[in-house]
Amino acid sequence: MGMSVTISEATEADAEQILKLQYLCYQSEAELYGDYSIEPLTQSLDSIKAELTTGTVLVARLGDEVVASVRGTVDADGTARIGKLIVHPRMQRHGLGGRLLNAIERQLGADRTTKSFQLFTGHRSEQNLQLYRKHGYAPVQTRRVNDRLTVVTLAKDSDTRAYVASA
């Protein structure tokens, strides 16, 4: 009966589903910090479509439904910046976030010029912090945004040997 989740590059046809999923997933973050004006809740469809052309966007599908997504870019200095890792609430706590994180790292590191990976989350987002630590990320910076939010930046070095093996 069960369908398996597949991970692939997003297309422009996925943009609306990504936006709706993002809106759903970031409700809990907005509630946690008491701020419903956060960028993921105000991002436009056109902005997501633009991200599809300027970076790497992966989606996880269950059948035709986009149930998770992640985005990333690589800077000129070789830093891969990963963002907006989202998993549908009904699909959380089953390893899908980790699968997507591994997939975006492989994709962004495939050309072997990526030196490190970096991402960020809020200081109260324990599930996110736990996931990132489990995947080798360590806090490298904190920045207080306001009384309710401190952003934690986490990073890890790229292990180019892993990409050589999967290439």
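Which strands does helix H3 (residues 45-54) lie across, and at about what angle to S3 does helix H3 run? In this predicted model, helix H3 lies across S2, S3 and S4, and its direction makes an angle of about 55° with S3.

## Sheet architecture

The sheet is open and consists of seven strands in the order S1-S2-S3-S4-S5-S7-S6, with mixed pairing. On average, neighbouring strands are turned by 25° against each other, direction ignored.

Strand S2 (residues 56-62) and strand S3 (residues 65-74) run antiparallel and are joined by seven bridges. Within this part of the sheet, Val57 stands opposite Arg71 in S3.

## Helix H1 and its charged residues

Helix H1 lies across S2, S3, strand S4 (79-87) and strand S5 (116-122), at about 80° to S3. Glu29 belongs to this helix, which covers residues 15-33. Although Glu29 is buried, it has no salt bridge: Arg124, the nearest side chain of opposite charge, is 9.6 Å away. Leaving aside neighbours within four places in sequence, the contacts of Glu29 are Ile38, Ser125 and Asn128.

Glu16, by contrast, forms a salt bridge with Lys20, with 3.2 Å between the closest N and O atoms. The two residues are four apart in helix H1 and therefore separated by about one helical turn. Glu16 is partly exposed at a relative accessible area of 45%, while Lys20 is exposed at 54%.

The whole structure contains 10 salt bridges. One of them pairs Glu51 with Arg71, whose closest N and O atoms are 2.5 Å apart. This pair links distant parts of the chain, since Glu51 lies in helix H3 and Arg71 in strand S3, 20 residues apart. Glu51 counts as partly exposed because its relative accessibility is 23%; Arg71, at 7%, counts as buried. Through shared partners, salt bridges join Glu39, Glu51, Arg71 and Lys84 into one network.

A further salt bridge connects Arg144 and Asp147, with the closest N and O atoms 2.8 Å apart. Both Arg144 and Asp147 are exposed.

## Gly98 in helix H4

Gly98 lies in helix H4 (residues 96-109). Its relative accessibility is 8%, and Gly98 therefore counts as buried, the limit being under 20%. Not counting residues up to four places away in sequence, Gly98 touches Leu131 and His135. Lys84 is 14 residues from Gly98 in sequence, and their C-alpha atoms are 13 Å apart in space.

Methods. Residues are numbered from 1 along each chain as its sequence is written. This is a predicted model: local features need pLDDT of at least 70, side-chain atom pairs count only at pLDDT 80 or more; totals for chains, interfaces and linings use all residues. Side-chain values use heavy atoms; hydrogens and water are left out. Buried means under 20% relative accessible area, exposed over 50%, partly exposed in between (1.4 Å probe, protein chains only). Lys and Arg count as positive and Asp and Glu as negative; His and the chain ends are not counted. A salt bridge is a side-chain nitrogen of Lys or Arg within 4 Å of a carboxyl oxygen of Asp or Glu. Contact means heavy atoms within 4.5 Å. Two strands pair if DSSP finds at least two bridges between them. Axes are lines fitted to C-alpha atoms, for helices over the stretch in contact, and angles run from 0 to 180 degrees between N-to-C directions.
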